[in-house]
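Subject: Structure handover

Hi,

Here is the structure I promised to pass on. Please open it alongside this message and follow the residue names as you read.

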Amino acid sequence: MGIGRFLIRLSFLTAAFLMASVSPARLETQTVSQKPLQTRNFFARSEAPWTVEAQTLRYDAMQRIYQAEGDVHITSDNKSIRADWAQVDLEKQEAQLAGSVRIQYGSDWLTGNKVIWHLDTETGWVDGGTVYFSENGFYLSGKTITKRGPDRYHVSRGTLTSCDPAAPDWSIAFADLDVTVDGLGWAKHGSFRLGKLPVFYMPFAFFPVNKERQSGFLLPTLGSSNLHGPYLEIPLYWAWRQDMDWTFYANTMKKRGVMLGAEYRMDHATLGEGVWFVNYLADQADPEDLKAHGYPFQERDRYWLRARHTVELPHQAEMFLDLDLVSDQNFLKEFQSGSVSRTATNRAFRRVSQREILNDETITSRESSLYVLRRWESAVASMDVRYWNQLDRKLDETTLQQLPYLRASVTPSALGLGSTYYSLDASAVHYWRPQGDAGLRTDIFPTLAYPIHWFPYLAVEPSLGLRSTLYQADTSGKEEAAFTSRWVPEARLTASTRMERVYRPSDTLAVQHVIRPDLLYVFIPDIDQEDLPFFDDLDRIGRQDTVLYGFSSFLTTKKTQSPPGQDPQSFYKEWARLAVHQAYLVGEPVPKPPIETQPGKRFSDILMSLDLTPERYLNLSYDVTYSPYQGRANIHDLSFWLNSHRGDWAQVTYRYRQDTAVDEIIGSAHLQVRPPLSLYVLYDYSFDKEETFKQVYGLQYRHGCWGLRMSYREEAKEKEVSLALVLVGLGQIGGTLAQDGDLSLNSNP
């Protein structure tokens with residue numbers, strides 16, 4: 001947020017405090033004003049009366065003046081005024097406060113040496129005042145603070161800071177500040193100071209003012225990289241409406257030109273909630289310089305459009321829109337800092353939804369979708385329009401699009417014939433592409449199930465389903481669409497049991513251990529499907545005669561606490577979960593078994609999944625696929641996270657794939673050396689390629705209301721050094737890595 005905007009906001013709230021200080025509705029049950037007060041002020045008039053307490057309280061009936069002395073305390077609800085001396089003139093509608101004046105409203109407060117206020121005109125004056133705003137931690141001080149009219153304020157010889165106002169590490173000083181609420185604001189002779197040292201001078205600042213949000217310039221981002229050269233990004237915030245706003249960006253890069261950007265946010269009762277981004281660059285890069293950095297020149301016009309939007313539709317339906325359209329396959333690789341970065345985008349998306357960008361910068365097929373969902377008690381229906389923006393132009397004409405995909409499902413529901421249950425999955429999808437096969441496919445899959453429970457020993461559920469699929473295919477080279485169909489029966493049998501035991505190490509702790517063996521048998525006959533169109537995996541349902549067996553094990557704790565004077569409270573937590581499964585092919589080996597098998601072998605690989613969360617500071621997740629024939633693990637997925645109570649944390653992710661030569665480790669850590677000093681490191685290394693993909697090193701120092709970040713990032717052939725000065729409440733000057741989430745004043749990753 002820009003400096004001028006904060007000055008205006010805090011000046012407005014300061015005057016609001018002052019107005020609140022002397023607008024009581026009643027003193028000792030005596031009415032102060034016979035006229036209704038137009039209270040736009042901080043202490044809004046309420047039904048609760050104002051009362052006054054003091055060591056000495058007098059009333060002059062002739063002059064209609066109240067006077068209080070000694071530990072004066074005026075209260076109403078959560079509003080409080082304290083002073084050494086107070087006088088209220090009912091005739092003049094004037095209130096005066098003096099001596100250690102402190103006005104408290106919730107967590108916000110105002111102090112001053114002397115306060116004079118005219119209740120009828122809502123104007124007033126404060127001598128030597130300081131205001132504290134708890135929401136953003138700001139202090140605004142002034143030699144005098146004057147409210148000149150219903151919406152006009154003036155502060156003379158004032159300062160703004162989020163530090164201790166008595167000796168601030170940084171502050172913004174100004175000679176005069178004039179504000180018209182919902183109008184314009186002027187600050188004259190302003191300067192930014194570090195300690196008592198002025199750093200730069202502003203002769204005047206002119207900006208619009210709004211009571212809720214203020215439009216204006218935000219703090220710029222600056223830095224330098226060997227791919228873009230020196231750059232400076234300046235954001236402009238526009239509070240367009242109460243439920244909508246814009247942020248515009250202009251990023252000037254020496255080697256690339258000016259990248260323009262816009263961020264649009266909406267939280268509307270009818271139109272929904274969402275955030276939209278667009279960036280555009282008429283690239284001025286030298287093709288030879290780009291090639292030297294490993295990025296062949298793509299095109300002059302570079303852009304990225306992305307969005308997440310959610311709308312509640314009539315009849316309890318919901319709509320989810322996800323956009324991800326980019327100009328070329330190198331855009332996301334080349335631009336990874338500032339407002340255009342993928343990390344900054346995901347951070348904004350998390351504020352409005354849990355739907356981040358699905359594909360990273362290496363994926364050349366960008367996915368966009370429009371999803372409409374309607375839920376009932378035991379059914380759900382949806383429509384999914386999905387589009388893949390293919391950045392590999394050689395595949396663009398043959399990329400298959402789903403326009404649209406309709407689905408309906410009925411969860412297992414009682415059929416009314418004993419214990420028989422039915423379920424239903426149905427879909428209709430239109431596939432389209434400029435070149436190649438396209439067409440329409442409808443699929444209906446009803447299932448009947450008869451669960452049997454021999455409680456608590458065994459649960460068995462046989463089920464039988466029949467899938468019916470109809471195609472209207474537009475095949476390349478044929479003038480008319482062809483109609484084809486198939487029928488695929490499927491039989492399943494599930495069985496499971498449960499064994500458990502409870503251990504009680506103490507009176508307040510119980511540990512439940514559960515082992516759940518389970519078995520699944522699936523039979524699908526061999527159906528000839530070679531003459532059917534092939535759009536996705538649903539079009540080729542292979543033969544199955546497979547048994548999937550294994551077990552799951554759980555450790556769950558129950559802690560009981562008995563707060564004094566309250567009933568005992570119980571807290572449950574899953575400490576550990578282990579699952580081990582394997583498949584056996586009863587008949588001949590099939591093309592696509594439920595678990596991967598070696599060619600010609602009946603036993604599949606063994607899948608093991610382990611999750612450990614013994615305490616809030618430790619989490620471990622490990623998935624491994626082990627081949628009993630080769631005697632080795634073909635897949636490893638390990639994720640480990642450790643956090644201390646003092647702000648240290650470490651995170652390690654390891655991935656290994658035998659068939660695709662993926663063998664990499666990503667580690668990051670944050671070390672709190674001393675309370676004001678911390679270190680950060682991120683390292684992404686490929687054992688297979690013996691190459692470091694990305695490395696980031698950072699140092700952060702924080703002292704009260706300000707902080708300093710220094711960082712170094714190296715990714716592919718790009719290197720970037722960043723230095724950022726962070727001012728609590730105002731933001732940061734310089735440094736893109738902190739904005740992108742690699743470095744943060746927050747202790748957690």
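Below is what was found, topic by topic. One caution before that: this is a predicted model.

**Salt bridges**

Side chains of opposite charge can pair when their charged atoms come close. The count here comes to 29 salt bridges. Three of them are worth a look on screen.

Start with R64 and E91. Their side chains meet in a salt bridge, 3.6 Å from N to O. R64 lies in the loop between β4 (56-60) and β5 (65-76), and E91 in the loop between β6 (79-89) and β7 (94-105), so the pair ties together parts 27 residues apart in sequence. R64 counts as partly exposed because its relative accessibility is 28%. E91 is exposed, at 57%.

Next, go to R265 and D245. The closest N and O atoms of this salt bridge are 2.6 Å apart. Both partners sit in strands: R265 in β19 (residues 257-268) and D245 in β18 (residues 244-253), so the bridge links parts 20 residues apart in sequence. D245 has a relative accessible area of 10%, so D245 is buried.

R467 belongs to strand β29 (residues 458-474) and D443 to strand β27 (residues 438-449), so parts 24 residues apart in sequence are tied together. Are the two partners buried or exposed? R467 is buried, with a relative accessible area of 12%. D443 is buried as well, at 3% relative accessibility.

There is also a network. Salt bridges that share partners join R256, D283, R302, D328 and E334.

**Nonpolar cores**

In soluble globular proteins, nonpolar side chains tend to be buried together. The largest nonpolar core in this model has 27 residues. Which of its members touch the most others? They are V72, L97, V101 and W170. Strand β12 (residues 170-180) supplies the largest share of this core, with four residues. A second core is separate and holds 16 residues, among them L281, W304, L332 and F335.

**Surface charge**

D526, D528, E530 and D531 form a negative surface patch. Take E530 as your way in. You will find E530 in the loop between β32 (509-524) and β33 (544-561). E530 counts as exposed because its relative accessibility is 66%, and the cut-off for exposed is over 50%.

**Backbone points**

Check the peptide bond from L403 to P404. This bond is cis, with omega near -5°. P404 lies in strand β25 (residues 401-414).

Then look at the loop between β21 (301-313) and β22 (317-326), where H315 is found. Phi of H315 is near 60°, a positive value in a residue other than glycine. H315 is exposed, with a relative accessible area of 69%. Q316 is also placed in the loop between β21 and β22. Q316 is not a glycine either, yet has a positive phi of about 60°. Its relative accessible area is 62%, so Q316 is exposed.

**Where to click**

Move on to W170 in the largest nonpolar core.

Best wishes

Definitions and conventions: Residues are numbered from 1 along each chain as its sequence is written. This is a predicted model: local features need pLDDT of at least 70, side-chain atom pairs count only at pLDDT 80 or more; totals for chains, interfaces and linings use all residues. Side-chain values use heavy atoms; hydrogens and water are left out. Patches are made of residues with over 30% relative accessible area and no salt bridge: like charges are joined within 9 Å, nonpolar side chains (Val, Leu, Ile, Met, Phe, Trp, Tyr) within 5 Å. Accessible areas come from the Shrake-Rupley method with a 1.4 Å probe; for residues, only the protein chains shown count as cover. A salt bridge is a side-chain nitrogen of Lys or Arg within 4 Å of a carboxyl oxygen of Asp or Glu. Lys and Arg count as positive and Asp and Glu as negative; His and the chain ends are not counted. The place of a charge is taken as NZ of Lys, CZ of Arg, CG of Asp or CD of Glu. Helices (H or I, at least four residues) and strands (E, at least two) are DSSP runs, numbered from the N terminus. Buried means under 20% relative accessible area, exposed over 50%, partly exposed in between (1.4 Å probe, protein chains only). A nonpolar core is a set of buried Ala, Val, Leu, Ile, Met, Phe, Trp, Tyr and Cys residues joined through side-chain atoms within 4.5 Å.
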